[in-house]
Structures are given as structure tokens and as C-alpha cells.
Amino acid sequence: MKLIENSPYKILSIIGGQHSCGLAYFENGEVKVVLEEERLTRVKPYVDLHDNFFRYPLSSINELINKYGVDINSIDYFVSFLDYNVVKNILDGICSYNLPENKFIKTDHHESHCALAYYFSGFQEDTLVVAIDGSGEYHSAKYYLGSNNTMTYIDGIELDRHSIGMYYCALTELLGFKRLKDEGKVVGLAGHGHYDRDYYITFREVLALDGGLKTKKSEFWDGADLAGGGVYKELFSKFFNLMGSKIDWRKEDHRKNIAYCGQLALEETVLEILNTLHNKYPHVKKLALSGGVFANVKMNKRINELEWVDEVFITPPMGDEGLPLGSLAIVLKNFHPQFKPVRLEDVYLGLEYTNEEVDNAAKLIMGDYIKIPYNVDYVGELLKSKKILGLFNGKSEHGPRALGNRTITCDPTHPETYDLINGKLQRNDFMPFAPAVLDEDANRLFKVDKSQYTAEFMTMLYDTRDEFKDMLPTVTHPVDKTARIQIVTEKSNPFFYNILKKYKELTGIGCLVNTSFNVHNEPIVNRPEEAFVHLKNGIVDFLVTPYGIYSK
């Protein structure tokens with residue numbers, strides 16, 4: 001990904017944390033690779049969080065050195081929101097590198113989120129830039145005005161106030177799920193619930209705003225609850241003290257209604273913040289959003305529907321996994337004042353494997369297997385005959401969404417497909433699978449009236465058009481008939497685009513299921529060995545690569 005012409009710098013940006021962890025490497029004016037530690041270690045972040053374990057990008061740095069041949073001594077600058085001594089110790093432990101202080105640049109957590117959102121939005125107009133998550137160094141949210149290619153700080157939510165991100169974590173655990181892992185299940189469950197005044201008022205009291213831009217200081221905050229500003233204690237106390245006698249936890253409707261009202265309270269709070277910002281800057285019609293809270297596609301849909309909003313861009317790696325790239329953007333702006341917002345062509349920034357490496361993985365994992373040359377006509381016939389395919393192509397996607405390179409795909413028109421794939425993936429989600437749709441068919445099948453660019457990265461819900469609501473049951477929410485679409489262009493992913501085109505030739509529908517290539521509780525596959533394990537175990541019927549189509 002080319003960002004700067006004739007940049008002389010080699011820059012390594014790294015992060016560590018209780019959940020996301022990884023790096024971004026910049027050389028010759030372009031981002032060479034972005035690595036996420038969980039893809040290499042195969043450990044999902046919530047396990048570390050509940051074990052109170054802090055992770056460092058050890059495997060990622062080793063991969064950078066061994067697979068990419070990067071000489072750490074040749075790097076000009078090291079960037080992180082971690083402290084200098086932490087980064088120094090990491091590098092010393094991995095490669096005995098003594099980091100000079102003059103080569104280290106410290107960045108800010110939420111400024112990095114916002115820089116990623118703004119500088120990859122492509123917006124040349126004035127833009128409201130917002131980051132909201134669980135917590136960073138001193139804040140759980142920050143707001144900037146992006147103007148003339150520069151960000152100016154407006155306001156934020158400090159750590160002694162309720163964290164909106166940690167509120168949703170608390171809601172997730174209240175409903176019996178795991179935080180930093182199952183928030184999407186809450187979003188899906190909310191779509192099945194109904195409004196309950198008592199539930200809603202209780203949640204809104206917890207998220208009450210002070211002046212429209214800050215959450216309130218909690219009576220429960222004692223200075224020790226740094227992550228949430230007392231939001232956990234207040235939510236659980238208010239909910240069980242006021243509502244405990246009303247709830248019969250044996251009835252599933254209560255959980256659905258709690259999810260609905262908890263989600264609604266989140267949406268109303270974030271909308272109030274954005275409307276307050278708009279009132280301060282009424283001429284601004286663009287939004288660039290980042291931070292884990294904006295993984296909530298149901299909320300993002302309501303943001304996109306605000307009358308004053310012309311376009312929304314949501315950072316594809318919206319969580320902390322995007323911080324290395326965001327920190328890099330801050331440094332590039334300092335070194336190259338001419339650096340201005342650009343549009344991402346794609347987020348295929350991870351590892352790539354050769355034909356030989358894929359074949360070696362097949363021999364190692366499968367033993368006996370069938371391989372035929374890649375043929376898009378054959379792939380189309382497989383999809384038409386309801387086969388479930390794993391796609392393994394090129395560089396892996398950066399961020400939480402599979403976007404065609406590490407994807408499981410199949411026909412979207414059969415109701416039984418949802419239960420079939422859920423069973424294979426050991427998944428008990430309440431969300432439908434996401435649809436990948438040809439750019440030429442996106443607005444024909446779904447109501448994509450604005451913010452089409454961010455839809456290329458599967459960060460927004462859209463309404464399914466009436467005539468297709470019943471035709472696409474696997475990818476349409478059964479209640480509200482929305483879909484978290486990925487618009488696929490020929491430029492962004494010709495491999496996936498041509499498969500969609502072939503399927504449309506055969507069926508008339510330019511849309512396929514797109515769910516991430518992993519079983520429940522595992523990260524998205526990275527190496528070909530992991531993809532072949534899925535084929536061997538019958539998770540997918542065929543593994544499709546540009547080098548060939550594999551089956552048992």
C-alpha cells in the first residue's frame with residue numbers, strides 16, 4: 001500500500017496489550033506488511049484478557065525478520081503508544097537490539113485511532129473524527145476536527161468517567177457472553193428483542209452524558225477501576241437492584257429484550273455525541289470513525305442514516321489491531337506535511353504464500369488429496385450445487401472481517417444453509433452470515449444510498465430491498481431484514497470478483513455468503529496448513545486457491 005512518494009524512512013510501528021497485538025512495517029513509501037499476533041499464535045484475545053495476561057508482538061517481529069528479511073538495525077524509527085522501556089525490552093529480548101532513544105517515537109492511543117480513520121478516509125472536506133473504545137492511556141474516547149489535512153483536538157472522555165466501550169463489555173457479560181469476543185452476538189440478539197421502558201431507562205442512566213460529549217463520573221469509581229470509570233459496578237448494581245425481581249432468566253425473551261434495550265441505549269448515546277459535535281461544527285457532513293465501539297454495525301447503520309451526514313467511513317481494523325497503522329499515519333504526517341487523506345484500495349496487508357508452500361501444506365495435512373487446476377467455471381458450478389468453499393488467496397486481510405482472501409463462501413438462497421454452516425463452524429451466533437455482493441448489484445439488492453466506500457470493508461448494515469428479503473435468507477437478518485454487506489470491486493479483489501461474476505452468470509444473483517475462514521473460538525486462518533485442517537475436518541467441501549482447487 002503506497003502512501004508517500006520518495007520517503008526515505010524505514011518505520012516499525014508496534015503495539016501490545018491485553019487483547020490486540022501486532023505491527024505495521026513501512027519502507028520505500030509503502031506499508032509492506034501488517035501482522036496481527038493472534039493470527040500467528042492462534043490464541044483469541046479474550047483468553048488473555050480473562051487470564052489478565054499482557055501480550056507483546058513477539059511472533060510478529062520474528063515473522064518480520066525471518067519471512068521478510070528485515071534487518072532491525074536498518075530501521076530508522078520505532079513507533080508505539082507503549083513506553084520506550086517496554087519497546088526496548090521487547091526488541092532486546094527478540095533480537096538483542098539496543099533501541100536508541102532518538103529512534104523511538106511515542107504516540108497516543110486514541111489519536112492513533114483517529115489518525116487511522118481520518119488519513120484513510122479519503123475525505124478532502126472537513127471531517128468529524130471520533131474514536132470510542134474501552135480505554136486507552138488516559139481516555140476512552142477522543143474527538144477531532146479533520147481540516148486541511150490536519151487533525152485538531154476537540155474533546156474526549158477521561159478514564160474517571162464511564163467508558164462506553166466497557167459498558168458494552170458489561171452488557172455482553174450480563175447476558176452470559178464473553179467480553180471482547182461475543183459483542184457481535186449481543187448485536188444479533190438485540191435484533192430479536194423489543195423495547196422495555198424500565199430496561200432502557202436503567203441503561204440510559206448508566207450512559208448519561210454530561211454536556212453532550214462526556215459520560216458522567218460514576219459514584220462507583222474509586223480510582224482503581226481504570227478501564228471502565230466505574231461503569232461495570234454501576235451497570236450491575238442498578239440492573240440487579242432495580243430490575244432483578246422483574247427478570248425470569250429462564251425466559252429467552254428477557255435476554256432478547258435486555259440486549260435490545262442495551263443496544264438502543266448505546267446507539268442513542270453515541271448519536272447524541274455525534275449530534276452535539278455537529279451542532280458545534282454544523283458545516284461538517286463527513287464522519288471518520290474508529291475504536292472498538294464502531295465494530296457495532298447496527299449502531300453504524302443509524303449513524304449513516306442521520307440526515308446531516310453525507311458519508312461515513314469506519315476504519316476496517318477499527319479495534320486496537322489498527323493502532324500500528326494509525327500510529328504510523330501520525331508519524332508520516334509529521335515527517336511529510338504534504339501527507340493527506342487517501343482511500344484504501346484494500347486491506348490485504350498480511351502474509352502471502354506461494355504455490356509450493358500451499359502444496360507442501362496439503363501433503364503435510366491431507367496426505368491423500370485431489371487437486372485440479374483453478375477454473376472459475378468449475379467454482380461457479382460448485383457454488384450452484386450448494387457446496388461450501390474455503391477461499392485461500394493472496395495476502396490475508398487486516399482487521400476482524402474476512403474479505404474474500406480468507407473466506408468461507410456458498411450459495412445464499414437456501415434457508416437451511418445457515419444452520420448447516422453454523423454447525424460446521426461450531427457457531428451459535430444470532431447474526432446472519434454476511435453477503436459479499438458485486439459492486440454493480442449492491443444497490444439493486446440492498447439500499448446502499450450512501451457510504452458505499454466503507455461497505456467495501458463490511459463495516460455497515462444496510463436494509464435489504466423488499467423484493468430480495470426472502471430470496472437471500474442466509475445473509476439477511478430474519479427480523480429486521482438488514483445485511484452487513486461487503487461490496488466487491490474488480491480492482492479490490494479480482495479473484496473473488498470473478499467468482500461472484502461467474503455465480504451471477506449461472507444464477508442471476510451477484511451475491512454470495514462471506515463468513516470468516518475459522519471455526520468458533522479460533523482466529524481467522526493465516527497459513528495454508530490451517531486452511532487444509534478445515535478441509536480435512538469437513539468444515540469446507542473444497543479449498544479454492546489461485547493455484548488449484550483441493551478436495552478430499
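A pocket is here an open set of points on a 1 Å grid over the protein atoms alone, where a 1.4 Å probe fits and protein lies on both sides within 12 Å along at least five of seven lines; lining residues have an atom within 4 Å of a point. The model is predicted, so that local features need pLDDT of at least 70 and side-chain atom pairs count only at pLDDT 80 or more, while totals for chains, interfaces and linings use all residues. Residues are numbered from 1 along each chain as its sequence is written, and side-chain values use heavy atoms, with hydrogens and water left out.

The volume of the second largest pocket is about 240 Å³, a volume being the space filled by probe spheres set on grid points joined across faces, edges and corners. Its lining consists of eight nonpolar and seven charged residues, with no polar ones. In this division Ala, Val, Leu, Ile, Met, Phe, Trp, Tyr, Cys and Pro count as nonpolar, Asp, Glu, Lys and Arg as charged, and the others, Gly among them, as polar.

The loop between α6 (164-174) and α7 (183-190) contains D182. Helices (H or I, at least four residues) and strands (E, at least two) are DSSP runs, numbered from the N terminus. D182 counts as buried because its relative accessibility is 5%; buried means under 20% relative accessible area, exposed over 50%, and partly exposed in between (1.4 Å probe, protein chains only). The side chains of D182 and K181 are joined by a polar contact of 3.0 Å. Such a contact is a pair of N or O atoms within 3.5 Å; within protein, one must be able to donate a hydrogen and the other to accept it, and residues adjacent in sequence count only if both atoms are side-chain atoms. Apart from neighbours within four places in sequence, D182 is in contact (heavy atoms within 4.5 Å) with T172 and F177.

L180 also lies in the loop between α6 and α7. Its phi is near 60°, a positive value in a residue other than glycine, and L180 is partly exposed, with a relative accessible area of 31%. In α7, seven of the eight residues are buried, namely E183, K185, V186, V187, G188, L189 and A190.

Rings of Phe, Tyr and Trp (its six-membered ring) pair if their centres lie within 6.5 Å; planes under 30 degrees apart count as stacked, over 60 as edge-to-face and the rest as tilted. By this rule there are 24 aromatic pairs. Y167 and Y168 form an edge-to-face pair, at 6.5 Å centre to centre and 65° between the planes; both residues are buried. The pair of F313 and Y453 is stacked, at 5.0 Å centre to centre and 10° between the planes. This pair links distant parts of the chain, 140 residues apart, with F313 in strand β12 (residues 311-314) and Y453 in helix α17 (residues 452-455). F313 is buried, with a relative accessible area of 0%, and Y453 counts as buried at 5% relative accessibility. Ring pairs also link Y167, Y168, Y199, F203, Y232, F236, F239 and F240 into a cluster.
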